[in-house]
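Here's a quick briefing to read alongside the model. Have the viewer open and follow along.

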Amino acid sequence: MEAPTVTALQTLKALVALQEIDVRIRDLEKDRQQIPARMKEIDKLLEEKHHELSEEKNQLAEVELARRMLESDLKAEKEKIKKWEARLNEIKSNRDYQALSREIEAARKANLGIEDEILRKMQDIEDLKTSVSQKEEDLNESEKSLLEERTELKKKLDSLNADIAKEESTRAESLGQIDRRWLAQYDSIRKRRDGVAVVPVLDEHCQGCYMGIPPQQYNTVLRGEQIVTCPFCHRILYYAKSLEEMSEDKA
Ligand SMILES: [Zn+2]
């Protein structure tokens, strides 16, 4: 697959372009990576808020039921006392009269306790109703903004997916211009060197590891007749000016 017409400079230029595409893809992927986590977080937050609200509504219903039961107990107890009071008038024996009077007194006292309990329940109902309506209001508000955010995230995700697909197709096209040997070298260095496999030289130094390059190798890089790798970090080296001149020649 060696293409003899491809010069070292052309290969370097294609490698630099490929690296630019790869850096863009990496950045896009980094942006994309954060989106599903936030979407999940939003879903969880909304679910929690709905759950909290429904828990409190259940609690309110329970307290309301308890209050109704207490009220019906109270009503039954009051009717019982009324019957006992009617019976009092028919009792002849003083002892029986005293006994029933004491029963009535005890029942009245118990009813006071039930009434207190009903008042406490009414206060609880009041408090729960306030809290439920606050939670409903809060949910309405936050749900609106969270759903908006979620819609935005979905849009962003779609657009990132489209951008990445576009970059990947450009990448696939650009691969054809690069000799396989250098492509393999590029890929292997890129993996080891955090995505940067092709670097410029400046003042006799590699701009990847900043080590000085021996003069003979440095001159070879400047001439651009063959591809040189850094003896220290093994990145592919290029001389920026010769690539620029090459672009100008083309233009
Ligand atoms: Zn280096």
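The 4 donor atoms around the zinc ion subtend angles of 105 to 114 degrees, which makes the arrangement tetrahedral. For reference, the ideal angle for four tetrahedral donors is 109.5 degrees. Keep in mind that this is a predicted model, so everything below is computed from predicted coordinates.

**Who holds the metal**

- The zinc ion is coordinated through the SG atoms of Cys206, Cys209, Cys230 and Cys233, at 2.2 to 2.3 Å.
- Read along the chain, those donors of the zinc ion follow the spacing C-x2-C-x20-C-x2-C.
- Are Cys230 and Cys233 buried or exposed? Cys230 is buried, with a relative accessible area of 0%, and Cys233 counts as buried too, at 3%.

**The sheet**

- There's an open sheet of 4 strands with mixed pairing, in the order E2-E1-E4-E3.
- Strand E2 (205-206) and strand E3 (228-229) sit at the edges with a single partner strand each, so one side of each has no neighbour in the sheet.
- As background, strands of a sheet pair through backbone hydrogen bonds, either parallel or antiparallel.
- The parallel sense shows up between strand E1 (residues 198-202) and strand E4 (residues 236-238), which pair over 3 bridges. Within that pairing, Pro200 has Tyr238 of E4 as its bridge partner.
- E1 and E2, on the other hand, run antiparallel and are joined by 2 bridges.

**Hairpin meets metal site**

- What lies between E1 and E2? The two strands form a hairpin with 2 residues between them, and Asp203 in the turn has a positive phi of about 45 degrees.
- Val201 stands opposite Cys206 in E2, and Cys206 is also one of the residues coordinating the zinc ion. That gives you a handy place to look at the sheet and the metal site together.

- Helix H1 (residues 8-90) lies across E1 and E4, running at about 110 degrees to E4.

Conventions: Residues are numbered from 1 along each chain as its sequence is written. This is a predicted model: local features need pLDDT of at least 70, side-chain atom pairs count only at pLDDT 80 or more; totals for chains, interfaces and linings use all residues. Side-chain values use heavy atoms; hydrogens and water are left out. Two strands pair if DSSP finds at least two bridges between them. Contact means heavy atoms within 4.5 Å. Axes are lines fitted to C-alpha atoms, for helices over the stretch in contact, and angles run from 0 to 180 degrees between N-to-C directions. Donors are N, O and S atoms within 2.8 Å of the metal (3.2 Å for Na, K and Ca); water is not among the atoms, so sites may look incomplete. Four donors count as tetrahedral if all angles lie between 85 and 135 degrees; four count as square planar and six as octahedral if opposite donors are over 155 degrees apart and all others between 65 and 115; anything else is irregular. Buried means under 20% relative accessible area, exposed over 50%, partly exposed in between (1.4 Å probe, protein chains only).
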